[in-house]
Amino acid sequence: MLDLALALALTPAGIAALAAAVGAVLAAVYVPRLAIPVALVAVILAGVAYVTRLRDEVASTRRDLAEARELAEVRGRVVETLQREHQASAKRTRAAATAHERIRRAPASDDGPVAPVLRDALEAGR
């Protein structure tokens with residue numbers, strides 16, 4: 001019912017239907033023979049207004065659906081990218097942990113002289 005009221009108030013055909021309804025009431029009072037044809041015109045215009053409103057709503061819904069599908073595709077690609085980044089990060093972390101463990105297990109005899117600045121930087125990174 002609200003859709004019909006909006007269609008009557010917001011579409012040109014709806015406004016014409018309201019005018020025709022007023023004309024039908026005036027015809028019933030002043031020219032009774034014209035009341036029925038004018039009332040039928042009002043009903044037809046109201047139907048046109050309602051169908052126009054429904055068609056506009058369907059078009060809007062289709063646009064919203066297309067936008068939602070596009071957004072879902074973009075989000076899917078973002079999730080895939082984040083998963084790949086996470087896997088790559090985990091791989092780098094494992095590789096770094098393996099390298100650090102290998103360095104820790106190395107005998108002290110493998111150590112050579114290290115510049116104090118480099119030693120401080122390496123120790124700060126632990």
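This report covers the helices, salt bridges and nonpolar surface of one predicted model.

## Ground rules

Residues are numbered from 1 along each chain as its sequence is written, and side-chain values use heavy atoms, with hydrogens and water left out. Because this is a predicted model, local features need pLDDT of at least 70 and side-chain atom pairs count only at pLDDT 80 or more, while totals for chains, interfaces and linings use all residues.

## The helix α3

Helices here are DSSP runs (H or I, at least four residues; strands are E, at least two), numbered from the N terminus. Helix α3 covers residues 32–105. α3 has 74 residues and reaches 108 Å from its first C-alpha to its last. That is close to the 110 Å expected at 1.5 Å a residue. The expected span is 1.5 Å times one less than the number of residues.

Which residues of α3 are buried? They are Ala35, Ala42, Ala46 and Ala49. Buried means under 20% relative accessible area, exposed over 50%, and partly exposed in between (1.4 Å probe, protein chains only). These buried residues of α3 pack against α1 (2–10) and α2. Contact here means heavy atoms within 4.5 Å.

## Salt bridges

Side chains of opposite charge can pair when their charged atoms come close. A salt bridge is a side-chain nitrogen of Lys or Arg within 4 Å of a carboxyl oxygen of Asp or Glu. By this rule, the model has 3 salt bridges.

One joins Glu57 to Arg53, with the closest N and O atoms 3.5 Å apart. Both residues lie in helix α3, 4 residues apart, about one turn of the helix. An α-helix has 3.6 residues a turn, so residues three or four places apart point the same way. Glu57 is partly exposed at 28% relative accessibility. Arg53 is also partly exposed, at 22%.

Glu101, Arg104 and Arg105 are linked in a network of salt bridges. Arg104 pairs with Glu101, the closest N and O atoms being 3.5 Å apart. These two sit 3 residues apart in helix α3, about one turn. Glu101 also pairs with Arg105, where the closest N and O atoms are 3.2 Å apart. Glu101 and Arg105 are 4 residues apart in α3, so about one helical turn separates them.

How exposed is each member? Arg105 is exposed, at 66% relative accessibility. Arg104 is exposed too, with a relative accessible area of 56%. Glu101 is partly exposed, at 31%.

Val22, Val25, Leu26, Val29, Tyr30, Val31 and Leu34 make a nonpolar surface patch of about 710 Å². Patches are made of residues with over 30% relative accessible area and no salt bridge; like charges are joined within 9 Å, and nonpolar side chains (Val, Leu, Ile, Met, Phe, Trp, Tyr) within 5 Å. Accessible areas come from the Shrake-Rupley method with a 1.4 Å probe; for residues, only the protein chains shown count as cover.

Helix α2 (residues 12–30) gives the largest share of the patch, 5 residues. Val29 is found in helix α2. Val29 is exposed, at 58% relative accessibility. Pro12 lies in helix α2 as well, and Pro12 is exposed at 70%. Pro12 and Val78 are 66 residues apart in sequence and 45 Å apart in space, C-alpha to C-alpha.
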